[in-house]
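Subject: A structure for you to look through

Hi,

Here is the structure I promised to pass on to you. Have a look around it first, and then read my notes below.

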Amino acid sequence: MNDYVAELRPCKGLRALFTKFGDHVYFIAFYVSNVYVQDANVSGGDISDVDWTSDDESETHLEAVTSSQPTRTETIVGNEEASSSNATLSKLIGQFVGMGFSEKLVLKAIDENGEEDPDSILNWILTFSTLEESPPQQLSTNSDPCSSDYNEIFPNDLSDMDSWSEDEPEDCLKDTGTYKSEKHKMLLSLAESGSLSEKEEKLLALANMGYALEDAEIALERSGPETSVDDLIEFICVAQMAREQDCYLPEDDLKPKHLLNGSSKSKKRKLFEMKKKVIEESIRLPNPMIGYGVPSMQPPERVHRSLPEEARGPPYFYYENVALTPKGVWDTISRFLYDIEPEFVDSKFFSACARKRGYIHNLPIENRFPLIPLPPLTIQQAFPLSRRWWPTWDPRDKLNCIQTAIASAKLTERIRTMLERHEGDDDPPEAVQRAVMEQCRKWNLVWVGRNKVAPLEPDEVEMLLGFPKNHTRGGGISRTDRYKSLGNSFQVDTVAYHLSVLKDMYPHGINMLSLFSGIGGAEVALHRLGIKLNNVVSIEKSKANRDIVRSWWEQTNQTGSLIDFDDVQLFDATRAEQIISSIGGFDLVVGGSPCNNLAGSNRVSRDGLEGKESSLFYDYFRILDLIKCIMGSNRAV
């Protein structure tokens with residue numbers, strides 16, 4: 001055995017996955033340390049020369065070499081009298097493990113597909129683990145998902161994404177990797193002795209897949225002992241998705257008794273619909289998300305809204321934030337902003353990319369009009385050259401929400417290599433298609449050549465968000481900062497549609513206070529509407545963003561005055577009175593406060609409006625109320 005150990009080499013394992021295929025959400029945990037295999041020749045096929053592991057994985061040595069329970073691979077390769085069949089199986093396992101897949105995953109794939117068809121085994125593995133190991137590019141420690149540099153923690157606004165392709169929740173990882181709870185160890189011990197009950201077998205199966213035993217026990221208790229492991233997985237996923245949005249199932253509804261009848265497919269579909277219903281109801285999002293109407297669609301009934309006296313303009317105000325927030329956040333925002341109902345709008349009705357946002361304002365809602373020329377509304381219109389390379393199995397015509405991070409070159413290269421392996425086929429296998437589409441949706445990848453996908457370039461993002469070309473380019477702005485600034489901005493066409501009612505109201509121009517200005521989305525929208533900017537007071541923490549707005553102001557030959565500050569918390573009554581006395585007051589107050597502690601991608605401090613960054617909403621209200629009081633006093637005099 002010592003001679004054999006000398007020939008062993010480590011292969012990296014795979015991290016846990018949390019992904020969605022079709023209508024179902026699966027959490028698959030194959031979190032293992034290095035697996036030791038014989039240093040066999042694995043170059044017998046095209047698939048063996050691809051490194052499917054990630055550079056950022058930790059490498060720890062497996063203690064199983066000295067374990068009293070040898071693995072299936074050890075038993076096979078360590079037995080000199082193994083049959084030729086076992087030798088073939090050993091070689092097959094060694095090939096896949098040598099590619100970086102965990103031995104456990106390989107054995108499961110072989111059990112599911114047999115030993116005769118390596119392609120089927122590979123496709124089965126790829127379905128769960130092909131591409132999730134690539135880290136995003138263009139991340140900085142200050143990346144953020146919202147409309148100001150006050151947000152300095154979380155890079156991806158994944159709460160806006162249509163697909164459920166987020167990383168696994170932390171509570172699902174408690175029993176994975178090198179950590180195991182005492183109860184998990186006890187179940188493993190009982191399994192070795194063969195004394196597990198049916199209930200304990202299900203708990204152990206869920207724990208081995210990475211689910212917290214506490215969640216598994218709750219699911220089993222509420223679903224019933226006869227529930228299959230597949231249905232228990234679905235039940236846990238429902239609870240996890242609900243937890244992600246801070247909306248908990250009512251105690252009486254947690255046990256889905258009505259879901260235990262009928263076919264497995266029917267039960268899973270009902271569970272999936274229940275999950276969607278719980279999340280949508282808790283955050284009160286309309287479907288379709290068109291607010292009081294969009295150019296291509298109007299509400300079925302005419303909307304009548306009456307504003308309280310204290311909310312009526314001037315000054316008019318316009319507030320924006322992410323639509324998907326913890327429970328109760330929009331109720332609080334509405335309560336502070338004069339009990340005005342939010343207008344939820346998805347920018348996919350104005351552009352080729354989605355951007356789910358809520359807006360509270362006191363603007364009129366009649367006689368709105370869109371920016372002309374109309375922007376491209378589909379991916380194919382926005383990127384006509386991509387049509388040549390777009391595969392028939394990619395059904396997308398809209399992109400997901402623009403993020404502050406992009407996919408890595410390593411990820412796109414893996415996709416190309418995988419697809420080229422099936423070059424001669426009419427279409428790649430369905431499992432490969434699903435894996436590729438998951439990443440295309442997650443990272444907004446577009447087709448730029450045969451089997452080649454690429455992330456959007458900054459100027460392409462500018463076009464999708466309604467900004468002029470090169471708006472964020474030059475002046476010492478790095479490529480990383482360009483993605484960051486654009487990912488945090490308004491979608492100009494959407495905002496312009498709402499602000500268009502001001503054009504006839506202010507034919508000689510307006511004075512605007514822009515809080516958390518970002519890269520000037522509101523300023524660009526008003527300029528494109530043909531509304532003159534007489535005076536703009538811009539407050540934005542990021543120097544890079546302030547430089548972008550200043551550069552745009554000069555390049556568009558604005559004749560008014562641009563005054564900028566760097567901290568809303570320092571904007572007090574004295575400064576407000578000085579500015580109002582010099583320019584004569586504000587006609588419009590615009591802002592989108594930080595959403596760090598609101599966005600669904602925040603796993604650490606999603607504390608709602610009590611969070612450090614998102615609590616700056618109260619400064620938006622404080623300043624708005626201050627402006628209204630000062631201007632009201634001046635009118636009274």
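One definition before we start: two strands pair if DSSP finds at least two bridges between them. With that in mind, find Tyr 316, which stands opposite Leu 588 in β13. Please remember throughout that this is a predicted model.

**The chain as a whole**

The chain has 22 helices and 13 strands. Of its 637 residues, 56% count as buried. Among contacts with a separation of 6 or more, 74% are between residues 24 or more positions apart.

**The sheet**

In what order do the seven strands of the open sheet come? The order is β6-β7-β5-β13-β10-β11-β12, with mixed pairing. At the edges stand β6 and β12 (561–565); each has a single partner strand, so one side of each lacks a neighbour in the sheet. From one strand to the next, the twist averages 20°.

I would start with β5. Its pairing with strand β13 (residues 588–591) is parallel and runs over four bridges, while its pairing with strand β7 (residues 356–361) is antiparallel, over five bridges.

Helix α20 (residues 543–555) lies across β11 (533–539) and β12, and it runs at about 175° to β12.

**Aromatic rings**

How many aromatic pairs does a search of the whole structure find? There are 15. Take Tyr 319 and Phe 617: their ring centres are 5.4 Å apart and their planes meet at 70°; planes over 60 degrees apart count as edge-to-face, so this pair is edge-to-face. Tyr 319 belongs to strand β5 (residues 316–322) and Phe 617 to helix α22 (residues 617–636), so the pair ties together parts that are 298 residues apart in sequence. Both Tyr 319 and Phe 617 are buried.

A second pair to look at is Trp 330 with Phe 344. Here the ring centres are 5.5 Å apart and the planes are at 85°, so this pair is edge-to-face too. Trp 330 lies in helix α11 (residues 329–336) and Phe 344 in strand β6 (residues 343–346), so the parts tied together are 14 residues apart in sequence. Trp 330 is buried, with a relative accessible area of 3%, and Phe 344 also counts as buried, at 4%.

**A helix to check by hand**

Just after α6, Gly 194 takes a positive phi of about 75°.

Enjoy exploring!

Terms used: Residues numbered from 1 in each chain as written. Predicted model: local features only at pLDDT ≥ 70, side-chain atom pairs only at ≥ 80, totals over all residues. Heavy atoms only, no water. Phe/Tyr/Trp six-rings, centres within 6.5 Å; stacked < 30°, edge-to-face > 60°. Helix = DSSP H or I, 4+ residues; strand = E, 2+ residues; numbered from the N terminus. Buried < 20%, exposed > 50% of the residue type's maximum accessible area, 1.4 Å probe, protein only. Axes fitted to C-alpha atoms, helices over the stretch in contact; angles between N-to-C directions. Contact = heavy atoms within 4.5 Å.
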